Amino acid sequence: MSVIIKIENLKRYFQVGTETVRALKGVSYEINTGEFVSIMGTSGSGKSTMLNILGCLDKPTDGEYYIDGIAISKLNRDELAYVRNRKIGFVFQNYNLLSRTTALENVELPLLYNKEISAKERIERAQYALEQVGLKERMGHMPNQLSGGQQQRVAIARAIVNDPVILLADEATGNLDTRTSYEIMSLFQKLHSEGKSIVFVTHEPDIAVFTSRTIMLRDGRITKDVAVETQSAKAALEALPPSEDYN
Amino acid sequence: MNFSNLLKIAYEAILRNKTRSLLTMLGVIIGISSVIAMVSLGQSSTQNINEDISSMGTNLITVMRAIQRSGGINMGNSNSQSLSLKDCEAIKNRCKYVDAVSPWVSTSSQLVRGNENWPSTVQGGNTDFLSIKKYKIERGTPFTEKDIKEYTKVCLIGNTVVENLFSDGSDPIGQDIRIGSIPFKVIGILESKGDQMGQDQDDVVIVPYSTIMKRMLATQYIHMIYCSAISEDKCDAAVTEIEQVLRNSHKLKEGDEDDFNVRTQKEMLTMMSSISGFLTILLAAIASISLIVGGIGIMNIMYVTVTERTKEIGLRTAIGARSRDIMYQFLLESSMLSLVGGVIGIIFGLLISYVASMLLNWPYVISTSAVLLSFVVCAATGIFFGWYPAKKAANLDPINALRYE
């Protein structure tokens with residue numbers, strides 16, 4: 001098992017007016033390939049800042065972040081964009097799909113920014129990614145023709161289409177009802193079982209139980225970093241009473 | 001990222017907002033089509049004038065009376081008595097570059113036949129007048145030296161006069177018409193020449209000059225002298241000769257101002273071309289204002305688009321777009337809008353100028369330079385007015401852009 005993410009004494013300070021806000025005050029941890037980690041914390045705990053840095057959208061004030069062996073603090077904007085494109089898959093709370101654009105075209109998007117991939121390969125890979133999330137039949141649908149759960153599946157397909165070393169999910173179930181949340185978690189568990197490394201940021205403890213390790217943040221420091229006894233999302237789904245919401 | 005991907009991204013973004021893209025393009029379409037139409041029509045009109053003037057004869061030379069001044073008061077040239085038949089004789093005998101000479105007198109008169117009447121201008125010339133002015137006789141015969149000597153009351157009339165005085169369809173030749181109160185016999189009908197510079201060349205009555213001078217105006221002086229040079233390139237030499245001969249016969253001393261003006265058709269051509277050329281530039285300048293407005297329209301929409309699509313920009317950045325990819329995308333979008341608008345505008349402009357020149361009976365001229373220029377202007381508009389919004393999009397902070405609501 002190799003280390004995919006290594007965080008060393010990571011600090012992130014923001015200058016707000018004359019005050020310095022210390023969002024992260026020296027955080028260290030490692031994530032190995034094939035782990036399914038949840039990062040938990042209340043708002044203000046620094047988990048959003050953590051996620052921005054993990055996603056190479058932001059750089060630490062101090063300390064170092066290695067992803068797949070690359071030291072992020074030494075990279076310029078373009079190199080960061082390259083890392084985001086090749087190494088990271090993002091899943092957002094509000095899906096962030098392009099409207100009036102088919103599911104297939106939405107999934108193709110990251111590959112458009114990779115010039116090594118031909119148009120033919122791009123379409124094949126996008127189709128395969130949609131197959132993996134179970135939306136093979138809905139490739140030509142626009143986002144407004146899809147339910148919330150389906151839209152999030154498209155977003156997940158978009159996140160895995162570039163075969164990233166890590167999947168970053170930011171409150172990916174936050175906009176979904178319990179049943180659909182479990183369905184999405186079940187999909188994440190399936191991807192995990194197929195070898196994907198996943199970091200799942202959430203504030204809901206009952207979602208974190210589906211991951212294999214939980215890092216708890218509070219006031220910019222890690223308060224807990226424990227292995228979790230993973231529960232099956234599929235089992236939880238089956239245990240739910242029959243849906244009354246829609247038939 | 002390669003260019004074809006960029007192109008795909010940009011045109012998909014344009015297609016996603018069809019109505020808005022179309023409205024944005026409308027500004028450019030209107031701007032470009034009006035520039036093209038104005039320039040093409042301007043050139044049509046220039047060519048039309050050139051053709052008119054050429055059809056009057058490029059070796060035509062006119063001698064006019066100079067403007068008279070009396071104690072600083074401009075008296076115009078209508079009462080000037082500087083040209084006479086003697087001058088005609090002198091030019092005819094002493095200018096070797098002059099082929100034919102005709103005196104010219106004219107008067108406005110009401111033409112009457114039975115209960116029909118028509119206002120027209122009666123012109124008097126000699127037997128060479130028709131050939132100098134490129135009139136041809138359709139039917140009948142021209143007047144002769146004998147008619148001139150005897151002040152015969154005969155006339156040649158144009159088609160417009162025929163239509164207005166002989167609406168009953170009877171043959172005018174041999175019939176009498178009254179010019180003012182004097183009866184004239186129609187001896188010939190002139191071939192139609194159509195319009196020239198807005199003047200109906202068929203609304204014409206030609207009589208022997210002597211008849212007008214003796215019977216109608218009772219004058220010793222003539223209004224103008226028409227000459228034709230032996231060839232077009234000898235025009236300037238002929239003008240110099242005429243000027244010398246007239247200065248001699250008018251006994252002007254050195255330093256005295258000419259009391260006559262000699263004009264060639266070529267000068268007219270240059271003058272008219274420069275006037276219509278100036279008008280073309282003026283119209284094009286006005287039309288190009290609408291092009292600028294169209295460009296600002298593009299900038300406006302692109303600016304709004306950047307704000308509206310902040311989230312999209314954030315997402316693209318998150319999945320690996322570099323700032324420059326974002327910038328190129330927006331630049332390409334604005335360039336595509338203006339270029340597609342430009343092409344449509346060019347087509348419209350050519351159509352408008354085609355229809356207009358058909359209606360005006362002008363020659364249809366496609367101004368290649370205007371088309372090329374418009375194309376360049378379009379591309380420049382797209383890039384220039386797209387630059388600022390694109391820069392703004394590229395500089396968005398991805399974290400804030402992603403959270404933007």
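Started with the lining of the second largest pocket: I count eight nonpolar, five polar and six charged residues there. (Nonpolar is Ala, Val, Leu, Ile, Met, Phe, Trp, Tyr, Cys and Pro; charged is Asp, Glu, Lys and Arg; polar is the others, Gly among them.) This is a predicted model, where local features need pLDDT of at least 70, side-chain atom pairs count only at pLDDT 80 or more, and totals for chains, interfaces and linings use all residues. Residues are numbered from 1 along each chain as its sequence is written, chains are lettered from A, and side-chain values use heavy atoms without hydrogens or water.

Looked up what surrounds that pocket. It has 19 lining residues, with Leu85(B), Glu89(B), Pro103(B), Ile148(B) and Tyr209(B) nearest its centre. (A pocket is an open set of points on a 1 Å grid over the protein atoms alone, where a 1.4 Å probe fits, with protein on both sides within 12 Å along at least five of seven lines; lining residues have an atom within 4 Å of a point.) Its volume is about 310 Å³, meaning the space filled by probe spheres set on the points, joined across faces, edges and corners.

Next, the largest pocket, at about 660 Å³. Of its 22 lining residues, Met56(B), Lys133(B), Gln199(B), Gln201(B) and Tyr226(B) are the closest to the centre. I see β1(B) giving the largest share of this lining, three residues. (Strands are DSSP E runs of at least two residues, helices H or I runs of at least four, numbered from the N terminus.) By class, I get ten nonpolar, eight polar and four charged.

Last, I checked confidence: the model scores ipTM 0.92 and pTM 0.72.
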